[in-house]
Amino acid sequence: AFARRQPLSPEAVNINMLIRNIEALLRSSLGQKYELDLNLNSDIWPVMIDPVQLESSLLNLTINARDAMPEGGKLMISTERFNLPTDQQTSANELKAGEYVKIDVMDNGEGISQDLLDKVFEPFFTTKPAGKGSGLGLSMVFGFIKQSGGHIQVQSEPGRGTRFQLFLPHNEMVSPAPVLQEIDSPTTVQHSKQTILVVEDNDLVRHYAISQLRDAGYQVLAAADGHQALNWLASAQQIDLLFTDVLMPGGISGHELAKQAKQLRQTLPVLYTSGYTEKALTDEEKQNGSIPILNKPYHRAALLNRVAQMLTYKT
């Protein structure tokens, strides 16, 4: 991502709608000690961008803000149009002249000292204690925004918080109609008694999946590895679908977990997910599509549609 060579799937996105769709996830990631204030200007352009990567970037910035406010605080996210005339472009600023949608992500946390500010986007650089951060989050956000033709900059002062500004270029060829749609809420009632076991070792991905499924009305159980999942499967807890990553640490892969799950619950449907499909599937599975799998990264609509298909097939 930092090298700006990751595969992207850009589409026309209404940024305000995207932020509203992940608002519950952002609030749950912050926790009860924190306030989230959204100021979304309705008069903005749609942009061509990968919505999954943008959601991930905003979640990353939210978690960084939370960590910078250990005693609690306020996170503010705003959107607006931004126009940089050609005569105001300077060589010192990498932002090119043009029209943008600007996203501000501001916290009132500890802030960053000036001697460290120039390093925040460098891979593996982190101000967090050992074991608390990889130093890859901001560098991945940086690479994604740059690869998308945009720009990101940061302003901060110790004791006065931090402000990240994301500039996403306006493309006049993009239709003004909102493309990223809300999932209809009436499905909540019919899902209220269906329980999904989510097995995912990546904390961010697991929390994202749990949040989206619960918002859609499902009951959700969570496990960080195969051993925790087997404890749930051996219990008396109702489980209607096993949604598991394929490649996981701990000695139990998704395939092995599904095999043991079938021994405990013969009719339990299994939906796999993986970001490395080539390694996750056998040659036979690749050829005949015999395994139901949701490729990473996935966004809300893809997740809910695939889950609904699996549960409908079961029924």
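**Stop one: a helix pair**

Select helices 2 and 3: helix 2 passes helix 3 in a right-handed crossing (right-handed if the near helix is turned clockwise from the far one by less than a right angle, left-handed if anticlockwise). Bear in mind that this is a predicted model, where local features need pLDDT of at least 70, side-chain atom pairs count only at pLDDT 80 or more, and totals for chains, interfaces and linings use all residues. Numbering runs from 1 along each chain as its sequence is written, and side-chain values use heavy atoms, with hydrogens and water left out.

Helices here are DSSP runs of H or I with at least four residues, strands are E runs of at least two, and both are numbered from the N terminus.

Now show side chains: Leu 25, Leu 26, Ser 29 and Leu 30 of helix 2 meet Leu 58, Leu 59, Thr 62, Ile 63 and Arg 66 of helix 3, where contact means heavy atoms within 4.5 Å.

**Stop two: a loop proline**

Jump to Pro 249, in the loop between strand 10 (241-245) and helix 9 (254-264). Leaving out residues up to four places away in sequence, Pro 249 touches Asp 201 and Asp 225. Glu 200 is 49 residues from Pro 249 in sequence, and 10.0 Å from it C-alpha to C-alpha.

**Last stop: zoom out**

Colour by secondary structure and find twelve helices and twelve strands.
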